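Me: Please take a close look at one part of this model and describe how it sits among its neighbours. I would like one connected account, in plain terms.

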Amino acid sequence: MKAPLKRGFFHALILATLEALHYVDFPMSGQVLRIRLARPEDAPAVAILIRRVVRQWVLPDQSRKAGKAFISRVATTFLREKIVQGQRLHLAYLGDVLVGVSGMRDDCHLVHFFVGTRYQGRGIARRLWERTMRDAIRRAGTRRFTLNATRCAVPVYLRFGFRATGPEQVAHHGLRVTPMKMILPVARGKRA
């Protein structure tokens, strides 16, 4: 019988290298969840995933006008343009299937966060959020994260550690959202 693999220095070094390359694998019961940054050519698949999730989970709680406006902001051309301009979208794949996407603006405000309906409840959202958060911390030292959650997403963000900063309201783009934030504790350095 083989001894279990110990995850020590070399495992941490390999993981850090993969993260630096923006490509990380997470083992999941029989499949590997891969997370990487989006490229412009990923925009069509990202748009399809977002529209499918939004139609099922977000639009039923929104006005028709707000829903139509939101769908236009996740069109392929819009997303491709955002990626080209440098907005970081993290994509989660199981095998060759795109199962999740998260997008952060200014390394502090989560603007897109979607996991395909068939893949919800498997820990993908948490892994995707943790990867997105670590990227923002590494790039900008971010300790305060904000987002505007639709009604169906509030429980997910509460489990991640976000707290509501106000009641549900109609945002400037017309969607009914709850403003939320997460403030990470400041890491204390080791004493000599």
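**Strand E5 and its surroundings**

Reply: In this predicted model, strands E4 and E5 pair in the antiparallel sense, with six bridges between them. E4 covers residues 97-105 and E5 covers residues 109-115. Within this pairing, Ser-102 stands opposite Phe-113 in E5. Three residues lie between the two strands of the hairpin, and Asp-106 there takes a positive phi near 55 degrees.

E5 also pairs with strand E6, residues 144-149. Here the strands run parallel and are joined by two bridges. His-109 stands opposite Thr-146 in E6.

How much of E5 is covered? Six of its seven residues are buried, so the strand is mostly covered. The cut-off for buried is under 20% relative accessible area. In a regular strand, side chains alternate between the two faces of the sheet.

Helix H5 also holds Arg-127. This residue is partly exposed, because its relative accessible area is 25%, which falls between the limits of 20% for buried and 50% for exposed. The C-alpha atoms of Arg-127 and Ala-92 are separated by 8.9 Å, although the two residues are 35 apart along the chain.

E5 also takes part in covering helix H2: the elements that cover the buried residues of H2 include helices H3 (64-72) and H4 (76-84), together with strands E3 (88-94), E4 and E5. H2 spans residues 43-58, and its buried residues are Ala-43, Val-46, Ala-47, Leu-49, Ile-50, Val-53, Val-54 and Val-58. These residues lie on the same side of H2, because they cover an arc of only 165 degrees around the axis. On the other side of the helix, Arg-52 and Arg-55 are exposed.

Of its 192 residues, 41% count as buried. Among contacts between residues at least 6 apart in sequence, 61% join residues at least 24 apart. The accessible surface of the chain comes to about 11700 Å², and 57% of this belongs to carbon and sulfur atoms.

In short, E5 has E4 as an antiparallel partner and E6 as a parallel one, and E5 is among the elements that cover the buried residues of H2.

Definitions and conventions
Residues are numbered from 1 along each chain as its sequence is written. This is a predicted model: local features need pLDDT of at least 70, side-chain atom pairs count only at pLDDT 80 or more; totals for chains, interfaces and linings use all residues. Side-chain values use heavy atoms; hydrogens and water are left out. Buried means under 20% relative accessible area, exposed over 50%, partly exposed in between (1.4 Å probe, protein chains only). Helices (H or I, at least four residues) and strands (E, at least two) are DSSP runs, numbered from the N terminus. The arc is that of the directions from the helix axis to the C-beta atoms. Contact means heavy atoms within 4.5 Å. Two strands pair if DSSP finds at least two bridges between them. Accessible areas come from the Shrake-Rupley method with a 1.4 Å probe; for residues, only the protein chains shown count as cover.
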